[in-house]
Amino acid sequence: MSVSVLSACIESVGVLGPGFPDWSVASRVLSGASPWEPAPTVLPPPLSLPSAERRRTGAVVRLSLAVGLEATRTAGIDSGGDGQNCHEICEALASAERLISPTRFHNSVHNAPAGYWGIATGDTAAANSLCAHDGSFAAGLLEALCQVAVDRTRVLLIAYDTSYPEPMRSVRPIPDAFGVALLLAPPAATAALAHLELSWSEAPADRMADPALERLRAAIPAARSLPLLAQLAHATAGRVLIDYQDGARVALEVSACR
């Protein structure tokens with residue numbers, strides 16, 4: 001499969017997930033310096049939002065804000081569909097009254113976290129929201145690298161998943177919340193963590209050596225990022241293969257920024 005290679009520098013990372021309260025802890029675990037101690041994900045309150053908006057937010061907004069703000073703070077930048085909310089809307093529609101609150105409705109749209117990101121940070125830049133089932137992290141990374149290449153500017157990628165209540169959980173059993181943010185910049189960026197080149201492959205996706213971390217990677221679409229995060233944590237050059245769609249994989253060449 002012949003395609004043009006997309007490239008960017010990774011300036012900073014944000015992570016929040018089971019046993020990963022932030023990138024500092026995650027990088028030590030993924031590099032092998034510390035053991036992984038699984039614990040339920042704790043979503044911090046979205047203190048960057050005004051109080052009125054703060055009261056309306058759901059889990060996906062708190063998760064996406066947490067990892068996005070970690071990545072932008074680390075880089076020194078001034079700064080973006082909730083399952084529970086969807087469940088409660090379905091319950092309301094199945095009831096006799098079929099009344100939906102305006103707050104639940106505006107939180108039901110797929111780009112709600114991007115809107116709250118703009119409110120929290122005052123950022124007026126354009127934002128895209130997309131999903132691709134288990135290939136969502138790879139799809140988001142591909143889209144972000146395209147934007148870096150075309151616009152020659154920084155792009156913040158935020159990938160996240162939260163669990164669903166029953167009965168949706170039995171159909172889509174995501175065990176816990178997991179989010180990751182990558183601040184990407186044109187290849188000329190300095191003081192970055194790594195240089196990234198994206199191409200395609202049909203070889204098998206990389207798995208985590210630790211069986212427990214591999215179960216996490218396989219169970220949560222956003223956690224498909226774990227092999228890349230592990231490569232970044234080791235601070236070494238290497239090739240990482242991430243699940244995409246229809247048997248295709250995203251091949252990522254990681255090296256020092258130049």
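## Tyr 244 and the model

Let's start with Tyr 244: at a relative accessible area of 25%, this residue is partly exposed. On this scale, buried is under 20% relative accessible area, exposed is over 50%, and partly exposed is in between (1.4 Å probe, protein chains only).

This is a predicted model, where local features need pLDDT of at least 70 and side-chain atom pairs count only at pLDDT 80 or more, while totals for chains, interfaces and linings use all residues. Residue numbers run from 1 along each chain as its sequence is written, and side-chain values use heavy atoms, leaving out hydrogens and water.

## Aromatic pairs

There are two aromatic pairs here. Rings of Phe, Tyr and Trp (its six-membered ring) pair if their centres lie within 6.5 Å, with planes under 30 degrees apart called stacked, over 60 edge-to-face, and the rest tilted. Phe 20 and Trp 36 have ring centres 5.9 Å apart and planes at 25°, so they're stacked. This pair links distant parts of the chain, 16 residues apart: Phe 20 is in the loop between β1 (6-16) and α1 (23-30), and Trp 36 in the loop between α1 and α2 (51-54). Helices (H or I, at least four residues) and strands (E, at least two) are DSSP runs, numbered from the N terminus. Phe 20 is buried at 0% relative accessible area, and Trp 36 counts as buried too, at 17%.

What about Trp 200 and Tyr 244? Their ring centres are 5.2 Å apart and their planes at 40°, so this pair is tilted. Trp 200 is in strand β4 (residues 194-201) and Tyr 244 in the loop between β5 (238-243) and β6 (249-255), 44 residues away.

## The sheet

Six strands form an open sheet in the order β2-β3-β1-β4-β6-β5, paired antiparallel; pairing takes at least two DSSP bridges between two strands. β2 (155-161) and β5 are at the edges with a single partner strand each, so one side of each has no neighbour in the sheet. From one strand to the next, the twist averages 35°. Antiparallel β1 and β4 are joined by five bridges, and Cys 9 sits opposite His 195 in β4.

## Nonpolar cores

A nonpolar core is a set of buried Ala, Val, Leu, Ile, Met, Phe, Trp, Tyr and Cys residues joined through side-chain atoms within 4.5 Å. The largest has 47 residues, and those with the most contacts inside it are Phe 20, Leu 30, Leu 141, Phe 178, Leu 182 and Leu 229. Helix α7 (residues 136-151) gives the largest share of this core, seven residues. A second, separate core has 16 residues, among them Val 60 and Ala 120.

Technical notes
Axes are lines fitted to C-alpha atoms, for helices over the stretch in contact, and angles run from 0 to 180 degrees between N-to-C directions.
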